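Please look at the sequence and the structure shown here, and keep both at hand while reading.

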Amino acid sequence: MASQPNDAGDQARIGVFICHCGGNVSDVVDVERVAAEVGKKPNVVHSGTHMFMCSDPGQALIEEKIKELNLNRVIVAACSPTLHQLTFRRTLERAGLNQFLFEHVNIREQVSWVVEDREEATRKATRLVNAAVGRIRHLVPLDKRRIKIHPASLVIGGGVAGLVAARDLARRGMRVNLVEKTPFLGGRMAQLDQLFPSNEHARELLGKLIQEVIHQPLITVHTNAQVVESEGIVGDFRTRLRIIPRGVNHHLTYAGNAIAACPEETISEFNFGLTRRKAIYMPYPGCYPQMPAIDWRSCTKCGKCAAAVSGKGISLDEEPKEIEIKSGVIVLATGYDPYEPLYGEYGYGIFPEVISLQQLVRILDEEGPTGGRLLVNNKPVRSMAFIHCAGARQYEGINMPQPDGTVNDYCARTCCTAALHNINIIKERYPDTRIFSVYQDIRTYGRGHEEYYEKASENGVTFLRFDPFDLPTVRHDTKEEAPLLVRTRDLLTDNLEMEIPVDVVVLATGVIPHDISELVDMFKCAVGYDNFLLEVHPKLRPVELAVSGVFLAGSCQGPMDITEAASAAAAAASKAAALIAQGQVEMDPFIAMVDENKCTGCQTCLTVCPYSAITKDERKGVAVVNEALCTGCGTCAAACPSNAIHQFGFTDDQILSEVEMLLSDSAVG
Amino acid sequence: MADNVVTHPTSTAPGSQWQPRIIGFLCYWCSYTGADAAGTARMKYPPNVDIVRVMCSGRIDPELIMSAFSRGADGVLVCGCHIGDCHYISGNHKTMARMPLVKRILTDLGIEPQRFRHEWVSAAEGEKFSKLVAEITEQVRKLGPLNWPKLMRERGVGHGMDLKAWGE
């Protein structure tokens, strides 16, 4: 990749260009004096100033001088390299010079803007430019690495975000592998019923989306598939999937008989523990794939299901298999889990009448465990208290900590709207139900959401506001006519302390990210303090991870509703498709290289590399750097005891010549 | 060491007062950007720290730091990203492991370990950086010029080495 070292040394012909920056530099630093001083250095063939180096005429000046004076090294002293380093590298390219024979010296943000005394500033600028002169002699031409992008994508997660991302990628002509860990597509959206603000039914919408995906020939869906390993780099990811056998195939015609025959039962995750299901199961009618799956953790392989259907369509002895998928990009759509209140949190787990919002949604669902009737533990409900912010906006020392000792201090965003939506549904079907909303703040932020708050108020819901440092409490009440007593101090009525007897307490719960710690390790994702995946920049690059080629879609990134998750997924698909369409990716050349003559094969570099980019060639007994994986941190170069591994652009010679020039006598004005 | 006695040629121009000369190794992603942030906010700090940028603080090994001292630095500063924020994931973990070694080596050589400082500076910590520069400049000013060749001779290090290169 890189050319043989071609240290200019004495053959260097250096051009120095110092920018006035319209006064930003020259008001403090005497740029003419700096140019004159630096011009005295050996090998400096040109040393001059310009009002705005980054402007078109400024760049044209550099090109002109390169050609006129046959310059082979260029230094620009101006603002911070974070702004225009690329600009000037391109200038060199246009003039036919390798773009990495360039040094950018910061004499604005780090000199003229921070040093008060003009004399000191001028001396400092001179020192820094002289240091660049020393360093640039040791620079060699380098080439950007070009990696071809494999024209396929991998979407991890088969919920609404993953489905939207897959569909949008396929629409742009990209091949997609959609991987879902559970046996069924649909994710959390399948567990909802009426959606806000339109009251459309979740599974109907989901069904349409799933149909689009499965009828798209460019998309291959893998269910019961888990990612076990992934390596590679943008453009060339290799991911290994472990596919657990379903136990059931399309030959099965009488699924109902097979399921009825199964003697094993376990709790239904789909109904959040409200019901039980068999070891062979379908979560809901109309699920996709439209056939049951066997949950091997509960299955005892007794064979009764197979017997009930004369063995057709059920196979209990298949082995898991592994497949490898190559992709140029990866989209993470691994979703969220609704917060499950801790045992004892507001009485959850202790009192059977305390339920979570996600359980209430299942109860109100007409296809759910009670056929949509408002029954909790088989009893009708006359009065309810909704306690908001359960598992969200928590304070250390006030709320019960999670098992790892932390609290969820973030707002979970959608729960206020969801709670009020469900409150209104109850009021519509059971107008006599007495409902209290015990809240911290009402955050119905979205389009059409505030109407739920107003409607609830009109429907006679009583709102009580609590102080986060004085949480409501729930206890059993044997005196009153209702099983539970909710105590709260209402800020809206001047701190009136009240106790409300209710039949049911619903905890309006927040969300937590679905646990993907292995994926986080594999892809080296950044994770925020709230444990959700962290994007590169919330405003400028909201769906990208710091790892090139891996994109975020949906609630794995933070609490959001379906609208927001679908938007994020569309954005991720768009970014991923744009990347693939480029065909190749260019990367900086500042990678490490092993000097095989000096390497002793001690493998110290292997152990320090954060990217596992170094391996040992056993035959030669030396370390080998994988140029595609190396990101150019230089940690190996620092660690090597034999000085046998170098980082292009940041060799010891280059750094030390810079240091020497900074400290040399002649540098001082 | 009295700071008006100048024997080390790199510390000052002829005839003028000695000024501390400090080399700052800054990682490009966090600390260098943090220093830029100080500039954008026009914070003022002493000019005595000259910044050498590297991509990651993990690039800096103790040898480079000692080389800086031996070439005339009176102080050395190393800055990187906070733990957990390294652009290269764990480069700064290696830095964190190596820097205490530098203090040990300096102490063993009879050099005041306060001449060396290692701090994490994030891209938003312009103020922290400017304060850091002011602090280390003052600290090194109090300690006086290092005068490496004289010190090495006194400590009995470098017998037979050609120290004339440093103006002996």
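This is a predicted model: local features need pLDDT of at least 70, side-chain atom pairs count only at pLDDT 80 or more; totals for chains, interfaces and linings use all residues.

Residues are numbered from 1 along each chain as its sequence is written, and chains are lettered from A and ligands numbered from 1 in the order in which they are written.

Chain B has five helices and four strands. Here helices (H or I, at least four residues) and strands (E, at least two) are DSSP runs, numbered from the N terminus. Read from the N terminus, the elements of chain B follow the order β-α-β-α-β-α-β-α-α. Chain B holds 168 residues, and 52% of them count as buried. A residue is buried if 20 or more other C-beta atoms lie within 10 Å of its own, exposed if 12 or fewer, and partly exposed in between, with C-beta atoms placed from the backbone. Two residues are in contact if their C-beta atoms, placed from the backbone, lie within 7 Å. Among the contacts in chain B between residues at least 6 apart in sequence, 77% link residues at least 24 apart.

Strand 3 (residues 75–80) and strand 4 of chain B pair in the parallel sense over five bridges. Two strands pair if DSSP finds at least two bridges between them. B:Val78 stands opposite B:His118, which belongs to strand 4 of chain B. Strand 4 of chain B covers residues 116–120, and four of its five residues are buried, so this strand is largely enclosed by the rest of the structure.

B:Gly34 is part of helix 1 of chain B. Is B:Gly34 buried or exposed? B:Gly34 is buried, because 25 other C-beta atoms lie within 10 Å. Not counting residues up to four places away in sequence, B:Gly34 touches B:Val121, B:Ser122, B:Ala123, B:Ala124, B:Glu125, B:Gly126 and B:Phe129. B:Ser130 is 96 residues from B:Gly34 along the chain, and their C-alpha atoms are separated by 9.3 Å.

Next comes the contact between the chains. In it, 37 residues of chain B are in contact with 38 residues of chain A. On the side of chain B that touches chain A, two or more residues each come from helix 1 (28–40), strand 2 (49–54), helix 2 (62–70) and helix 3 (91–108) of chain B. Helix 1 of chain B gives the most, with six residues. By class, this side of chain B has 19 nonpolar, nine polar and nine charged residues. Ala, Val, Leu, Ile, Met, Phe, Trp, Tyr, Cys and Pro count as nonpolar, Asp, Glu, Lys and Arg as charged, and the others, Gly among them, as polar.

A nonpolar core is a set of buried Ala, Val, Leu, Ile, Met, Phe, Trp, Tyr and Cys residues joined through C-beta atoms within 7 Å. The largest nonpolar core has 117 residues, of which A:Val74, A:Ile75, A:Ala77, A:Val129, A:Cys636, B:Cys27 and B:Val76 touch the most other members. Helix 5 (residues 118–136) of chain A supplies the largest share of this core, eight residues. Leaving aside neighbours within four places in sequence, A:Val129 is in contact with A:Val16, A:Val34, A:Val38, A:Ile75, A:Ala77 and A:Val105. A second, separate core of 72 residues includes A:Leu163, A:Leu252, A:Ala568 and A:Ala569.

Chain A also has an open sheet of five strands in the order 18-27-21-22-23, with parallel pairing. Its edge strands, strand 18 (354–356) and strand 23 (462–465) of chain A, each pair on one side only. Within chain A, strand 21 (residues 383–390) and strand 27 (residues 504–509) pair in the parallel sense over five bridges. A:Met384 has A:Val504 in strand 27 of chain A as its bridge partner. Helix 11 of chain A lies across strand 21, strand 22 (434–439) and strand 27 of chain A, and runs at about 170° to strand 21 of chain A. Axes are lines fitted to C-alpha atoms, for helices over the stretch in contact, and angles run from 0 to 180 degrees between N-to-C directions.

Helix 11 (residues 415–429) of chain A also packs with helix 10 (residues 357–364) of chain A, at an angle of about 35° and with the axes 11 Å apart. The contact residues of these two helices divide into eight nonpolar, one polar and no charged.
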